[in-house]
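Here are my notes on this one, as numbered points. Have the model open while you go through them.

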Amino acid sequence: MAKDILPSLAQADAQVPKKKLGGYEFYREVLGSPKYVVAPMVDQSELAWRKFSRRYGAQLIYSPMINAKMFVDSTNKTYRNANFDLINGEEGDPTIDRPLVVQFCANDPEQLLASAKVVEAHCDAVDLNLGCPQDIAKRGRYGSFLQDEWELIYKLINTLHVNLSIPVTAKFRVFPTIEKTVEYAKMLERAGAQILTCHGRLREQRGQNTGVADWDKIRAVKEAVSVPVFANGNILYQADIDACLKATGCDGVMSAEGQLYNPALFAGIGHPIDSPDYDSDEQILIRHPRHADLALEYLDVVMELKTTTSVSGIKGHLFKIMRPGLIRETDLREKLGRVKIDPKKVKECLGAYRVVCEEMKERMDRDAKAAEGVPLKDLITVEPITGIKVMPHWLAQPYFRPSPEQKKAYALANAPLEVAEGESSVAVPVPVSPQKPKRPLDDCEPGEDAKRVRLEQVAV
Ligand SMILES: Cc1cc2nc3c(=O)[nH]c(=O)nc-3n(C[C@H](O)[C@H](O)[C@H](O)COP(=O)(O)O)c2cc1C
């Protein structure tokens with residue numbers, strides 16, 4: 001790597017405006033030492049979701065990824081306003097939307113800086129997305145597809161480090177080896193990143209190959225750098241948070257899907273897991289409120305704001321929050337799916353969404369009432385392929401997909417032995433799970449919201 005492009009940390013720091021806090025000082029004094037972090041999510045970590053999530057224990061939230069190239073294009077005001085609304089003044093407002101990190105994807109330091117300058121006064125830090133693994137990121141040359149271009153990454157981060165009045169942070173995926181992952185993280189730190197988020201999956205771990213995140217690699221990163229590190233991946237239940245912090249030594253955990261399906265993932269956290277009442281109805285309901293109630297409350301937040309929330313994004317949230325109910329109440333699933341997404345008719349869409357949520361509430365309240373008298377903990381079952389627990393269907397809970405290995409192992413373990421026709425007596429295990437696997441939503445494609453909602457409709 002060219003030496004002039006990669007100056008030492010001391011040299012880079014010398015050029016930074018004096019008062020800017022960095023690393024742990026920034027983490028503690030500006031952000032308030034957050035441990036429970038909501039991930040950047042295209043079309044899903046929007047202002048309404050952020051406001052709603054803070055009520056349930058989220059301590060720091062990242063905006064959805066914004067494409068710097070499109071954001072700086074002055075002829076494309078629609079993109080800018082849709083991605084960070086400066087007109088209504090609510091996004092990044094200290095009274096409702098802080099602490100906030102605004103995330104960009106970019107491959108041009110000047111475009112990135114110009115974009116960051118637009119939001120500089122409205123957030124606490126700017127993050128660079130180095131993790132998006134989608135084809136659109138490959139075509140646009142950003143996200144994880146930059147991870148082999150270290151000089152460019154250095155320049156992107158360092159340009160913000162030197163020229164912004166707020167810190168720059170970075171979110172990245174791991175490499176196949178611990179050594180390369182650590183070397184990479186150290187380069188990001190040297191470039192000026194003041195917080196690192198390490199997603200413990202490889203660039204190739206997406207779609208059906210998502211699999212589990214590697215906490216050992218995250219731990220190695222945490223041990224190698226001096227700035228705070230957030231661990232990302234494998235957080236489904238509250239118990240996973242503690243386990244992750246212990247296993248990685250990280251300063252906080254970041255959750256995306258776990259928090260989308262159960263926005264109360266961080267609620268009431270800190271109640272000792274070994275306390276006798278941890279599995280009392282009262283405690284379970286703090287961690288897993290009734291999902292239809294959450295959906296209705298989220299709609300209220302959407303309504304309270306002057307800032308417009310994308311109607312496709314709202315629909316995506318509703319499909320996820322109420323998933324356990326929608327699997328059973330298929331007429332409601334279809335009804336929700338049929339609500340026509342029309343950005344010009346927000347009120348009508350919201351009205352139609354509310355009707356579905358209210359009907360869902362009625363039915364879920366009915367089912368909860370029918371189970372009255374039985375402690376909730378006795379209604380928890382176990383998903384056979386993964387061994388992960390499943391809450392009663394009226395409660396908010398994570399959604400997980402068995403990894404390909406888990407599915408294979410389960411199919412083999414449960415396969416009846418059959419003799420294929422016309423062949424000798426060779427035993428052939430027959431897979432038992434013909435179900436079409438669902439495409440995971442680890443997507444960070446801008447403009448793909450409607451597609452995602454369609455996927456949700458067919459998949460729940
Ligand atoms: C709907 C959705 C949208 C996402 N959008 C982004 C994004 O804008 N920027 C980003 O860095 N990662 C994005 N991701 C990836 C997540 O931030 C996170 O790294 C990944 O889902 C792993 O965390 P999890 O195991 O908690 O889901 C997205 C994930 C989902 C599910």
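**Notes on the fold**

1. Contacts between residues 24 or more positions apart make up 69% of those in the protein with a separation of 6 or more; a contact here means C-beta atoms, placed from the backbone, within 7 Å. This is a predicted model, where local features need pLDDT of at least 70, side-chain atom pairs count only at pLDDT 80 or more, and totals for chains, interfaces and linings use all residues. Numbering starts from 1 along each chain as its sequence is written.

2. The protein has 20 helices and 13 strands, taken as DSSP runs (helices H or I, at least four residues; strands E, at least two) numbered from the N terminus. Of the 460 residues, 44% are buried (20 or more other C-beta atoms within 10 Å of a residue's own; 12 or fewer is exposed, in between is partly exposed).

3. Have a look at helix α3 (residues 47-55): seven of its nine residues are buried, so the rest of the structure largely encloses it. Trp49, Arg50 and Lys51 are among the buried ones. They pack against β1 (36-38), β2 (60-62), α12 (257-261), α14 and α15 (311-321). After α3 comes Gly57, with a positive phi near 95°.

4. α14 (residues 291-304) also meets α18 (residues 346-370): their axes come within 8 Å and cross at roughly 155° (lines fitted to C-alpha atoms over the stretch in contact, angles from 0 to 180 degrees between N-to-C directions). That makes α14 roughly antiparallel to α18, the label for angles over 145 degrees. The residues in contact include Leu296 and Leu299 of α14 and Tyr353 and Met360 of α18.

5. Strand β8 (residues 229-232) is covered on both faces, with Val229 and Ala231 buried on one side and Phe230 and Asn232 on the other. β8 pairs in the parallel sense with β7 (residues 193-199) over four bridges; pairing needs at least two DSSP bridges. Val229 is the bridge partner of Leu196.

6. Most residues other than glycine have a negative phi, and most peptide bonds are trans. Asn234, in the loop between β8 and α11 (238-248), has a positive phi of about 75° and is buried, with 21 other C-beta atoms within 10 Å. Arg141 also has a positive phi, near 55°, but counts as partly exposed with 14 C-beta neighbours inside 10 Å.

7. Pro99 lies in the loop between α5 (77-83) and β4 (100-105).

Technical notes. Angles under 35 degrees count as roughly parallel, over 145 as roughly antiparallel, 65 to 115 as roughly perpendicular and the rest as oblique. Two residues are in contact if their C-beta atoms, placed from the backbone, lie within 7 Å.
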